[in-house]
Amino acid sequence: MSAYAFLVRGRGSDLVAMTAAQALRSHFTREGELVSLQRDEVHLLEGVEGSDPGEWTDACTAHAHWFNPNKHRFALVEAASGGIQAARRASPWPSPWLEMRLHTDRPDILSTDHRRDALTEWLGLEENPETTAVCLAVWEHHRDDGGLPAGPWPRPQAQYLPLVLWTLVLRGRDVTAAMARAEELAITRHRRQGLLVHPHMQGWAVFTPPQRVSGAGRIQSP
């Protein structure tokens, strides 16, 4: 089964991410530990085999609840299938997940090779061998019908899951330690731990624990 991921990012500053980063720095982290926090919206579409990705790009960008061309940038990315089943706790999250960029309106990546690692390209993190980035995909538990919202879709029977992608860039080279620390900062366990994910209402997956490597120009998983 084929899958597409429609990624959306605001053109300006993300006030939600900025507020969350400030709260984490003020109450949950050591000075300089959290280098940056980034939030993206992802609309996961599965069961799209045999359909034209250009038609999906047109349909997604025309859906006003997903994308406003005056406020957002987008990319349609080919993805490994299995994310929706993973969200239902039926299987592990697919890894690697985001595979190849198909369409985008971001001028900073339009000139790059579309066969590059799509996650690296989309995140656009600064090269820094002293930091590790950890990405968490987050979804609402109540979203279990799996159907597309109303609209003229190329394949109306495709399965759909809306996600938020949080990327925490932490100081340090140890990927295993960064993964554990990112979950500690993100998942709300009690009043003094976790801020980004409410585990009683939301599911999550650390779908890739990438590390920035100086000069490589890409994110590498261990």
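**Reading strands, a pocket and a salt bridge**

Mentor: Averaged over the protein, the pLDDT (the predictor's confidence in each residue, from 0 to 100) is 88, and 91% of the residues score at least 70. Residues 213–222 fall below 50, though that stretch has 28 contacts (heavy atoms within 4.5 Å) beyond near neighbours in sequence. This is a predicted model, where local features need pLDDT of at least 70 and side-chain atom pairs count only at pLDDT 80 or more, while totals for chains, interfaces and linings use all residues. Residues are numbered from 1 along each chain as its sequence is written, and side-chain values use heavy atoms, with hydrogens and water left out.

Trainee: Okay, strands next. Which strand does E2 pair with over twelve bridges?

Mentor: General idea: helices (H or I, at least four residues) and strands (E, at least two) are DSSP runs, numbered from the N terminus, and two strands pair if DSSP finds at least two bridges between them. Here the partner is E6 (residues 159–171), in the antiparallel sense. Along that pairing, Asp40 sits opposite Leu165, and His43 has Pro162 as its bridge partner.

Trainee: And how many bridges join E1 to E2?

Mentor: Six, with E1 (residues 3–10) and E2 (residues 34–46) running antiparallel; Ala3 faces Glu46 there. E6 also takes E5 (residues 131–140) through eight antiparallel bridges, with Val138 partnered by Val164.

Trainee: Which residue forms a salt bridge with Asp40?

Mentor: A salt bridge is a side-chain nitrogen of Lys or Arg within 4 Å of a carboxyl oxygen of Asp or Glu. For Asp40 the partner is Arg9, with the closest N and O atoms 2.8 Å apart. The pair ties strand E2 to strand E1, 31 residues apart in the chain. The structure holds nine salt bridges.

Trainee: What about pockets? Which residues lie nearest the centre of the largest pocket?

Mentor: Rolling a probe the size of a water molecule over the atoms shows where empty space is left. On a 1 Å grid over the protein atoms alone, a pocket is an open set of points where a 1.4 Å probe fits, with protein on both sides within 12 Å along at least five of seven lines; lining residues have an atom within 4 Å of a point. Here, Ser13, Asp14, Ala17, Leu37 and Gln38 lie nearest the centre, out of 13 lining residues. E1, helix H1 (15–27) and E2 each give two or more residues to that lining, and H1 gives the most, with five.

Trainee: Last one: where is Pro96?

Mentor: Look in the loop between helix H3 (83–87) and strand E4 (98–104).
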